[in-house]
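This briefing sets out selected features of a predicted model.

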Amino acid sequence: ENEISRPKGYTVSWHHNPAVENHHFGQTHPMKPWRLTLTKSLVLSYGMHTAMDTYISRPASRDEIAEFHKDEYVEFLNVVTPQNIYEMYPELATGPQGYTSSIFGVGEDCPIFDGLYDFCSNYAGASIDAARKLVNHQSDIAINWSGGLHHAKKAEASGFCYVNDIVLAILQLLRYHPRVLYIDIDVHHGDGVEQAFWSTDRVMCVSFHKYDKEVFFPGTGPLDSTGPLHPDNPGKNYTINVPLNDGIDDEGYAYLFQNVIEPTIKVYRPTAIVLQCGADSLGHDRLGCFNLNIRGHGNCVSFVKSFHIPMLVVGGGGYTPRNVARAWAHETSILIGADKTLNPALPEHMPYREAFRREGLTLFPNLSGWRKENMNTRADIERIIRHVREQLSYIRG
Ligand code: VJV
Ligand code: CA
Ligand code: ZN
């Protein structure tokens with residue numbers, strides 16, 4: 001139905017792997033890799049794949065994962081199964097409700113499920129491949145919707161994340177690029193990426209997130225957390241945190257995003273950008289608390305793209321699968337320059353069309369009218385912008 005041609009003057013690559021889609025964290029666990037199947041269904045049904053170089057990615061090797069993660073942790077992920085976990089760690093069998101999260105962060109949020117290592121190595125392999133396409137100048141924009149698992153630490157799983165594909169991808173970019181800007185619009189703080197590059201000025205991390213210490217996961221990322229405090233540490237001021245309250249809307253978010261990102265790019269002059277597009281910042285997300293619509297979320301992608309800097313785009317959170325798929329399909333269309341030509345009515349013939357019926361068979365249902373009132377005042381937003389401007393003044397040449 002839609003005639004979609006390759007973008008003029010730049011190349012987009014799409015990295016995906018069906019091996020990631022078919023894993024299950026558990027029946028009622030909020031993380032559903034199936035959302036990737038829905039995303040792919042939209043991308044293919046709209047014909048967007050014809051505008052991109054499409055790669056079925058390969059699993060990351062153990063050495064590649066160990067470029068960031070501790071060997072013992074990689075080994076643990078490689079051998080642990082739901083069957084042997086209690087034999088390996090009898091102390092975990094504490095009671096009927098299962099294990100406590102003391103061994104490498106596993107527990108309710110990060111369960112040990114069948115095929116865990118296959119899942120992790122495949123989403124990480126896709127981000128590493130995508131980063132290498134940028135380094136080799138074979139792509140200008142590389143997309144991995146299965147990546148973006150920003151909470152994983154060197155030797156610890158956290159917040160549904162086991163292997164930090166973003167850190168691994170940035171390490172690839174740093175082989176060639178002097179300065180990488182990381183931008184994270186997931187509703188949660190990008191703590192794992194921030195921690196990994198806390199003490200360097202070669203990666204600048206910017207996360208927008210709901211912040212309510214002790215209440216909202218992971219509880220880090222206040223405005224004044226801007227890098228190491230010691231004046232001799234090169235990372236000082238190279239972290240930007242944008243803490244938000246419930247219910248932020250498209251207008252407030254766009255205003256804030258543009259007024260943080262534009263001066264950051266002007267001052268920092270990144271040679272590559274990694275954009276984490278966690279879709280749990282949309283309205284109606286099962287875990288989130290913001291009020292963004294698909295277009296409001298996508299505006300961030302358009303804005304970053306407008307700087308024409310090589311870009312790695314990854315997924316992240318997103319717990320209402322059909323809306324995650326809508327957002328990432330729309331963002332794919334933005335990245336290939338087809339967002340103006342795409343028919344908002346979902347294709348007549350597509351797999352899983354029924355999954356989208358609830359909000360209507362459109363790419364752009366209204367997601368802003370829900371129970372979350374906007375608790376971010378104009379003054380809150382202006383205060384954040386002033387703080388960021390002041391922070392950037394310290395890193396100007
Ligand atoms: O808030 C937490 C930690 C607890 C302890 C564990 N219980 C289950 C929940 C509270 C303090 N964890 C967060 C983690 C959010 C991770 C977000 C990841 C991303 O989007 O940023 C990137 C991919 C949390 N919020 C909600 C849940 N966990 C949650 C976990 C479940 C669950 C329901 C809610 C795990 C299993 C099951 N239900 C069955
Ligand atoms: Ca974030
Ligand atoms: Zn999240």
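A residue counts as near a molecule if one of its heavy atoms lies within 4 Å of it. In this predicted model, 19 residues surround ligand 1. D109, H150, H151, D280 and Y319 are the closest of these.

**Ligand 1**

- The shell around ligand 1 divides by class into seven nonpolar, eight polar and four charged residues.
- The side chain of H150 places an N or O atom 2.7 Å from an oxygen atom of ligand 1.
- For H151, a polar side-chain atom is found 2.7 Å from an oxygen atom of ligand 1.
- The side chain of H188 has an N or O atom 3.1 Å from an oxygen atom of ligand 1.
- Ligand 1 taken alone exposes 780 Å², and 69% of that is buried by the protein.

**The zinc ion (ligand 3)**

- Three protein donors are listed for the zinc ion (ligand 3): D186 through OD, H188 through ND1 and D280 through OD.
- These donors lie 1.9 to 2.0 Å from the zinc ion.
- The spacing of the donor residues in sequence is D-x1-H-x91-D.
- D186 belongs to the loop between β4 (180-184) and α8 (191-196), whereas D280 belongs to the loop between β7 (272-276) and α10 (294-305); the pair therefore ties together parts that are 94 residues apart in sequence.
- Buried means under 20% relative accessible area.
- D186 has a relative accessible area of 1% and is therefore buried.
- D280 counts as buried because its relative accessibility is 0%.
- D280 is also one of the closest residues around ligand 1, and H188, another zinc donor, has the side-chain approach to ligand 1 at 3.1 Å.

**Q172**

- Q172 is placed in helix α7, which spans residues 165-173.
- With a relative accessibility of 5%, Q172 is counted as buried.
- A polar contact of 3.0 Å joins the side chain of Q172 to the side chain of R132.
- Leaving aside residues up to four places away in sequence, Q172 touches E67, I128, A131, R132 and V135.

**H330**

- Helix α11 (residues 321-335) contains H330.
- H330 has a relative accessible area of 6%, so this residue is buried.
- Apart from residues up to four places away in sequence, H330 touches I294, R295, G298, D339 and F364.

How values were computed: Residues are numbered from 1 along each chain as its sequence is written. Chains are lettered from A and ligands numbered from 1 in the order in which they are written. This is a predicted model: local features need pLDDT of at least 70, side-chain atom pairs count only at pLDDT 80 or more; totals for chains, interfaces and linings use all residues. Side-chain values use heavy atoms; hydrogens and water are left out. A polar contact is a pair of N or O atoms within 3.5 Å; within protein, one must be able to donate a hydrogen and the other to accept it, and residues adjacent in sequence count only if both atoms are side-chain atoms. Accessible areas come from the Shrake-Rupley method with a 1.4 Å probe; for residues, only the protein chains shown count as cover. Ala, Val, Leu, Ile, Met, Phe, Trp, Tyr, Cys and Pro count as nonpolar, Asp, Glu, Lys and Arg as charged, and the others, Gly among them, as polar. Helices (H or I, at least four residues) and strands (E, at least two) are DSSP runs, numbered from the N terminus. Buried means under 20% relative accessible area, exposed over 50%, partly exposed in between (1.4 Å probe, protein chains only). Contact means heavy atoms within 4.5 Å. Donors are N, O and S atoms within 2.8 Å of the metal (3.2 Å for Na, K and Ca); water is not among the atoms, so sites may look incomplete.
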